[in-house]
Amino acid sequence: MESPRGSFAVFLVRRLISGVLLLVAVATATFVLISLAPGDTAQVFAGQAGADPEYLELIRERLQLDRPLPYQVGSYLESVAQGDLGFSLIQGRPVRDAIFSRLPASLLLAGAALVLSAFLGITFGVIAAARRGGALDASISVFSLVAYSLPVFWLGQLLVALFAVRLRWLPAGGMRSADDPGGIVDLVRHLVLPATTFSLLLAALLVRVTRTATAEALGEDYVTTARAKGASERRVLLSHALPNALRPVVTVLTGYLGIILTGAVLVETVFVWPGLGRLLYDSVLSRDTPMLAGLLLFSATLVLLANLLADVIYRVLDPKTRFR
Amino acid sequence: MSLRHLLHSRRFVVGSVILLGVLTTAILAAVAAGDPFQTSETILAGPSRAHPFGTDELGRDILTRTLDGAATTLKVAIVAPLVAAAIGTAVGLSGGYVGGLADEILLKLMEFTLVVPRFLIALVAAAFFGGHLWLVALVLAATFWPSTGRLVRAEAISLREREFVEASNSMGAPSFWIISRHLLGLVVPVVVVNTSFQAGQAALIEAGLAFLGVGDRNVISWGAMLAEAQPYLGIARWMSVFPGIALALTILALNLLGDGLADALHVRWRARI
């Protein structure tokens, strides 16, 4: 028998290697996609900023665009491996710097939305499971289905129309006011609407996941045993059923952690939030190719890291989990 | 598949009724509605007898445009998941039952499409190649089929061990025959449920792309209408309200349908990301 710690280390290393291979595949696919786009590849790669001939020549040389596609892919991968994601003419700085400068705003929005949705989703999911079949369960599940079907950008617009335009309680967009930059209250006021919009969809999904998993756990033998031993219904629910229902909840939460960048592009566009999603949107509009390629790769990296995190959390939740 | 079971599911019935309404709307709009691109002097006017949904910043009738948008949403919501269902079922069955190369490829592709989020792929593809409606549908189909394939594969693997399949196999039936005669019918429930949820996602993604300005500019899209409404939220709410309701109702209908089907066909509900 291997020691648990040893097998976990082996597991981690394996996952890291397959992760790196996947990233190579993503980078390759991205590059091939770009080279398939209509027009001169160097021009496409420079973005539509009207690059000067010297710069185009530099790109041709570095990516070896005069050689067959496999060589081009090779030189692209080589520069990516060296941490060089290219230079965005439109942003006027290296892609990597642009991404990292937007990261804090994205993390703030995503973090707030994740915490809020985890709280709402798990709470209402457990309530629905405890009262399953009843009126409360029915209303929670109808409400969550409706919330799950709302397009985030439309929900955002409605909230702006109500709370920012009509009631004037909260700012309609941006992250800070011009007259009071740096104030924490100001920041929170800007955060409320985008975080609520973002979290509602995720909370709706979590309600469904939590309800299904908790209801299933409530039918298990150990719950019957706990009941037979005289445990209160509340204790059965919170100490026996819920912990065993958390696994799918973790899957959904970490899944979203990984795609937060793309999930946020619509919300950040509506609320003019200066995060990665907004950067992605601007890059799409200006056909900023190096930026888009960089964001794709960055997003894939986040997803892989989030998956790894999920595996670690499964391990903590259930030490019996076997790693394959 | 028992029709009676389906009709007992309130969600299925409500979803189907809404969806039939949207479908009828799309057909009627194509036949009878006015020109959605017709501009007029009455700009940003609220709902009135002449313009029940109001007009936009170019004086175009929001009602006409909303009706016209139904076809766009439905085309993507129907075509992308159906193409994905066909490919996913074929690859999933052969991969799960026969194993081998098809199985390896399916698993690798599945991993790959899970790593790069679907919306991001569609966004970048639309940005580089122009967001033509059929291109969007095709890209979505390409990102949907591995998820269908994986579910079908799992079913096929568990069915492979069942007695009737082993019996058929021991009597010398070729794999193709076993797959098409025995397995295909048994994986239909999983595929149907997954496909109807994907339809909702496809509608959402099409609208999202159009909202971001990379959709098909030659068709009316509810997402594009919402983007046009954004600067006028303060003075012309109707520009956002009506196309938004239409979009949300359609997606809700597709999700209700998926829920109802899952209940009636006893397919376990799974979280989809």
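Predicted model: local features only at pLDDT ≥ 70, side-chain atom pairs only at ≥ 80, totals over all residues.
Local features rest on pLDDT of at least 70 and side-chain atom pairs on pLDDT 80 or more, whereas totals for chains, interfaces and linings use all residues. Residues are numbered from 1 along each chain as its sequence is written, chains are lettered from A in the order in which they are written, and side-chain values use heavy atoms, with hydrogens and water left out.

The size of an interface is often given as the accessible area lost when the parts come together. Between chain A and chain B, about 4300 Å² is buried (accessible area, 1.4 Å probe, lost on being put together and summed over both parts), and 76% of this lies on carbon and sulfur atoms. In chain A, the residues that lose the most area to chain B are A:F153, A:W154 and A:Q157, together 15% of what that side buries. Contact (heavy atoms within 4.5 Å) involves 53 residues from chain A and 43 residues from chain B.

One salt bridge (a side-chain nitrogen of Lys or Arg within 4 Å of a carboxyl oxygen of Asp or Glu) is counted between the chains. A:R208 and B:D259 form a salt bridge, with their closest N and O atoms 2.6 Å apart. Eight residue pairs, both members at pLDDT 80 or more, are in polar contact between chain A and chain B; a polar contact is a pair of N or O atoms within 3.5 Å, where within protein one must be able to donate a hydrogen and the other to accept it, and residues adjacent in sequence count only if both atoms are side-chain atoms. Elements giving two or more residues to the chain A side include α1 (4-36), α8 (184-218) and α10 (233-271), helices being DSSP runs of H or I with at least four residues and strands runs of E with at least two, numbered from the N terminus. With 10 residues, α10(A) gives the most to this side.

Within chain A, the domain assignment (automatic or from a database) gives domain 1 (4-95) and domain 2 (99-317). Their centres, taken over C-alpha atoms, are 31 Å apart. Domain 1 of chain A contributes 27 residues to the contact and domain 2 of chain A 21 residues. The buried area between these domains is about 2100 Å², with 70% from carbon and sulfur atoms. One salt bridge is found across this interface. A:R15 and A:D311 meet through their side chains in a salt bridge, at 2.4 Å from N to O.

Notes. Buried area = accessible area lost by both parts, 1.4 Å probe.
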